[in-house]
Amino acid sequence: FFFISHFFGFIFYCFHVFSYYCIRILIQLKYNYMDILLIILGILCLLTGLAGCFLPVLPGPPVSYAGLLLLHFTDKIHFSTTHLILWALLVIIVQVLDYVTPMLGTKYSGGGKWGNWGCVIGTIAGLFVFPPWGVLIGPFAGAVIGELLGGKKSVEAFKAGVGAFVGFLFSVVVKVSVCGYFIYCFVAALF
């Protein structure tokens, strides 16, 4: 608990300093106050979306996409309709992959329903039991425990756990790539 409270305190302080300098720069660039508010909310959405790539509670790419939409609603920056639709389709595909890849990793490693459910429960439990490393350990441990409870042998359960872990890492890499691309588009359009 001590680590978490100091972590969020540090994040709040960094946001405070960042927002102060961001507002000063935007005022010098002749943005109006409503645009500045939308840009700051967009930055918050992008940062929250990036955090959501690692935390299974937050939907990372949809929140980052909302940040791009907020930037689109400003007076000075407009994305084409084609870009917005393609980005929305990309977000939908990534969200579907996010739920499917750990289960596919478990399935192709020899796991079954017990391993899939264990992977899901382990991901959620790992977030609260061993932060921040529980997000990495949770899917593996959950799939192994699930398969052991389902009656599989230790070697088969371990293989299912490795598959769940690889699937989870793949989904994180895809989400971080998409959110990183959205951050790049946001910054490139802003400056």
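How many helices and how many strands are there in the protein chain? The protein chain holds 7 helices and 0 strands, where helices (H or I, at least four residues) and strands (E, at least two) are DSSP runs numbered from the N terminus.

This is a predicted model, in which local features need pLDDT of at least 70 and side-chain atom pairs count only at pLDDT 80 or more, while totals for chains, interfaces and linings use all residues. Residues are numbered from 1 along each chain as its sequence is written, and side-chain values use heavy atoms, with hydrogens and water left out.

**View 1. The protein chain as a whole follows the pattern α-α-α-α-α-α-α along its sequence.** Its C-alpha trace spans about 65 × 45 × 15 Å along the principal axes. Of the 191 residues in the protein chain, 38% are buried, a term that means under 20% relative accessible area, with exposed meaning over 50% and partly exposed in between (1.4 Å probe, protein chains only). Among the contacts (heavy atoms within 4.5 Å) with a separation of 6 or more, 66% are between residues 24 or more positions apart.

**View 2. The largest nonpolar core has 22 residues.** Such a core is a set of buried Ala, Val, Leu, Ile, Met, Phe, Trp, Tyr and Cys residues joined through side-chain atoms within 4.5 Å. The members that touch the most other members are Trp87, Phe182 and Phe186. Two or more residues of this core come from each of helix H2 (33–52), helix H3 (60–72), helix H4 (81–108) and helix H7 (154–190), and H7 gives the largest share, 6 residues. In soluble globular proteins, nonpolar side chains tend to be buried together.

**View 3. Trp87 belongs to a cluster that ring pairs form with Tyr65, Phe79, Tyr181 and Phe182.** Rings of Phe, Tyr and Trp (its six-membered ring) pair if their centres lie within 6.5 Å, and planes under 30 degrees apart count as stacked, over 60 as edge-to-face and the rest as tilted. Once neighbours within four places in sequence are left aside, Trp87 is in contact with Tyr65, Leu68, Phe79, Tyr181, Phe182 and Cys185.

**View 4. By this rule for rings, the count of aromatic pairs comes to 6.** The rings of Phe140 and Phe158 have centres 5.5 Å apart and planes at 85°, so this pair is edge-to-face. Because Phe140 lies in helix H6 (residues 134–149) and Phe158 in helix H7, the pair ties together parts that are 18 residues apart in sequence. Phe140 counts as partly exposed at 25% relative accessibility, and Phe158 also counts as partly exposed, at 47%. In the pair of Tyr181 and Phe182, the ring centres are 6.2 Å apart and the planes are at 45°, so the pair is tilted. Tyr181 is partly exposed, with a relative accessible area of 37%, whereas Phe182 is buried, with a relative accessible area of 0%.

**View 5. Ser171 is a residue of helix H7.** With a relative accessibility of 2%, Ser171 counts as buried. Apart from its neighbours within four places in sequence, Ser171 is in contact with Leu97, Asp98 and Thr101.

**View 6. Phe18 is found in helix H1 (residues 2–28).** Its relative accessible area is 41%, so Phe18 is partly exposed. From C-alpha to C-alpha, Phe18 and Gly105 are 39 Å apart in space, and they are 87 residues apart in sequence.
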